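User: I am new to this structure and would like to learn how to read its features one at a time. Could you show me the sequence and the model, and then take me through them?

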Amino acid sequence: AMYLIAGVGSTDFAGQSRQTFNVGLGARVFLKDSFSMQVDVRDHIFSLDVLGQLESTQNLELTFGLSFFF
């Protein structure tokens, strides 16, 4: 199963709190009825002013997971 991920949140960094958007996609594969694997890729996007200049920052996140159903 393929799925899309989107959200809005907040990032606290260097004493600043900024609104953060995240977008991504993922896939879950059922290997058996009681076992699955999943992979997510997300991009966290926010503006940050650390050195006196406001810049857009993008941080990629890769997540891998295993699920067991009983």
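Analyst: Let us begin with a term: a salt bridge is a side-chain nitrogen of Lys or Arg within 4 Å of a carboxyl oxygen of Asp or Glu. By this rule the count here comes to one salt bridge. Before going further, note that this is a predicted model, in which local features need pLDDT of at least 70 and side-chain atom pairs count only at pLDDT 80 or more, while totals for chains, interfaces and linings use all residues. Residues are numbered from 1 along each chain as its sequence is written, and side-chain values use heavy atoms, with hydrogens and water left out.

User: Which residues form the salt bridge, and are they buried or exposed?

Analyst: Buried means under 20% relative accessible area, exposed means over 50%, and partly exposed is in between, using a 1.4 Å probe and protein chains only. The salt bridge joins Asp-40 to Arg-42, whose closest N and O atoms are 3.9 Å apart. Asp-40 has a relative accessible area of 7% and is therefore buried, whereas Arg-42, at 26%, counts as partly exposed.

User: How should I read the strands, and in what order do they stand in the sheet?

Analyst: Strands of a sheet pair through backbone hydrogen bonds, either parallel or antiparallel. Strands here are DSSP runs (E, at least two residues; helices would be H or I, at least four), numbered from the N terminus, and two strands pair if DSSP finds at least two bridges between them. In this model four strands form an open sheet in the order β1-β2-β3-β4, with antiparallel pairing. β1 and β4 (54–68) stand at the edges, each with a single partner strand, so one side of each has no neighbour in the sheet. On average, neighbouring strands of this sheet are turned by 20 degrees against each other, direction ignored; the axes behind such angles are lines fitted to C-alpha atoms, for helices over the stretch in contact, and angles run from 0 to 180 degrees between N-to-C directions.

User: What lies between the strands where the chain turns back?

Analyst: The hairpin of β1 and β2 has two residues between the strands, and in it Ala-14 takes a positive phi near 55 degrees. β2 and β3 also form a hairpin, with two residues between them. Between β3 and β4 there is a loop in which Gln-53 is found, and Gln-53 counts as exposed at 54% relative accessibility.

User: Why does β1 lie largely in the open?

Analyst: Strand β1 covers residues 2–13, and of its 12 residues the number buried is one, so the strand lies largely in the open.

User: Where is the nonpolar surface patch, and which strand gives the most to it?

Analyst: Patches are made of residues with over 30% relative accessible area and no salt bridge, where like charges are joined within 9 Å and nonpolar side chains (Val, Leu, Ile, Met, Phe, Trp, Tyr) within 5 Å. Accessible areas come from the Shrake-Rupley method with a 1.4 Å probe, and for residues only the protein chains shown count as cover. Here Val-39, Val-41, Leu-62, Phe-64, Leu-66 and Phe-68 make a nonpolar patch of about 630 Å². β3 and β4 each supply at least two of its residues, and β4 gives the most, with four. One of the patch residues, Leu-62, lies in strand β4 and is exposed, with a relative accessible area of 67%.

User: How many aromatic pairs are there, and what is the geometry of the pair of Phe-35 and Phe-68?

Analyst: A pair of aromatic rings is described by the distance of the centres and the angle of the planes. Rings of Phe, Tyr and Trp (its six-membered ring) pair if their centres lie within 6.5 Å, and planes under 30 degrees apart count as stacked, over 60 as edge-to-face and the rest as tilted. The structure holds two aromatic pairs. One of them, Phe-35 with Phe-68, is tilted, at 5.0 Å centre to centre and 40 degrees between the planes. Phe-35 lies in strand β3 and Phe-68 in strand β4, so this pair ties together parts that are 33 residues apart in sequence. Phe-35 counts as partly exposed at 21% relative accessibility, whereas Phe-68 is exposed at 60%.
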